[in-house]
Amino acid sequence: MRKKLIAGNWKMNNDVEESLKLIKSLLTSELNEDVDVLICPAFTSLYPVIHELKNSSIKVGAQNMHFEDKGAFTGEVSPSMLKSLGVEYVIIGHSERRQHFGETDKIINKKIKACLKHGLKPILCVGESLEQREAGIEKETVRAQLIKDLDGVTDGLKIVVAYEPIWAIGTGKTATSHQANEMSSYIRAVLADIFTVDIADNILIQYGGSVKASNAKEIMEQSHIDGALVGGASLIADEFIKIINY
Ligand code: PGA
C-alpha cells in the first residue's frame with residue numbers, strides 16, 4: 001500500500017520568521033493522518049523548521065544539494081550537511097534547476113546517487129515542456145529523463161518520483177487528472193523496466209503543477225498518483241491544509 005506524500009516546495013520564499021509562522025499554522029491544525037506531510041523550505045530555514053517540528057510527524061526536505069561530500073564548491077551544500085540537520089528528503093532535478101541552473105541528467109544522476117549514499121530520499125522531478133507535449137513526445141521525454149537520471153541506481157524503493165509537466169508549474173494550468181494519471185501510469189511502467197514490477201508498484205509518484213485546494217481531491221484520487229508536490233499553494237497555510245485534508 002502506497003501512503004500518499006504531500007510536499008510543500010516553498011522555493012525561494014519565506015525568511016525564518018515567515019517559515020516559522022507557516023509551520024505554526026500547520027502544527028495547530030488537524031491534518032489528514034492518511035497522508036505523510038513534507039515541507040521543503042529554503043536552506044536558511046531548514047534548521048529552525050526542523051527544530052520546530054521535532055515532536056511532530058511532519059517531515060522536512062531540502063530543495064537541492066551538491067553531489068560531492070565536501071570540498072571547494074563555494075555556495076554549495078553537501079548531502080552530509082543536510083543529513084546532519086535531520087533532513088529526510090531532497091528534491092532533485094526540479095525543472096527550475098534544469099532550466100535556470102543548467103542541471104543536466106548527468107548531474108541529476110550524481111545527485112540521486114549521493115542522496116542514496118547518505119540515506120536521504122530523493123524526490124526526482126521529471127516532466128515535459130509545452131512544446132514537447134504539443135509535438136506528442138511527452139512520454140519519450142519523460143522516459144529518457146528517468147533512464148538517464150536513474151542510471152546505475154539500484155535502490156528503487158528509496159526514491160520518489162514527481163511528475164511535473166513544465167507547462168503546469170506556476171501557471172495556474174493544471175494537467176487534467178486523466179493526463180496526470182496516464183503519465184504516472186507510464187512512469188510506473190518505465191520504473192518497472194528500470195527496477196522490477198514489484199519495486200515499481202511500491203514507488204511513490206507525485207503530481208506537481210498548480211495543485212490547489214480546488215483540484216487536489218480529483219488529482220489525489222487517481223490510481224497511479226500517490227501525492228503532490230505543491231509550490232505556490234503551499235505558501236498559504238489555509239490552502240495547503242485543505243490540500244492535505246483533501
Ligand atoms: P506550483 O509549483 O504548484 O506553484 O505550480 C509546483 C512545483 O514547482 O513543484
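How much space lies in the second largest pocket? In this predicted model, the second largest pocket holds about 210 Å³ of space. Its lining is formed by 13 residues, and those that lie nearest the centre of this pocket are Leu31, Asn32, Val37, Ser57 and Ile58. Two or more lining residues are given to the second largest pocket by helix 1, which spans 16-27, and likewise by strand 2, which spans 35-40. Strand 2 provides the largest share of this lining, with three residues. When the lining of the second largest pocket is sorted by class, six residues are nonpolar, four are polar and three are charged.

The largest pocket was examined in the same terms. About 430 Å³ of space lies in the largest pocket, and among the 15 residues that line it, Lys11, Met12, Gln63, Arg97 and Phe101 are the closest to its centre. At least two residues of the lining of the largest pocket are supplied by helix 2, which covers 43-52, and at least two by helix 4, which covers 95-100. The largest share of this lining, amounting to three residues, is contributed by helix 4.

Definitions and conventions
Residues are numbered from 1 along each chain as its sequence is written. This is a predicted model: local features need pLDDT of at least 70, side-chain atom pairs count only at pLDDT 80 or more; totals for chains, interfaces and linings use all residues. Side-chain values use heavy atoms; hydrogens and water are left out. On a 1 Å grid over the protein atoms alone, a cavity is a set of points where a 1.4 Å probe fits but cannot get out, and a pocket is an open set with protein on both sides within 12 Å along at least five of seven lines; lining residues have an atom within 4 Å of a point. Grid points are joined across faces, edges and corners, and a volume is the space filled by probe spheres set on the points. Helices (H or I, at least four residues) and strands (E, at least two) are DSSP runs, numbered from the N terminus. Ala, Val, Leu, Ile, Met, Phe, Trp, Tyr, Cys and Pro count as nonpolar, Asp, Glu, Lys and Arg as charged, and the others, Gly among them, as polar.
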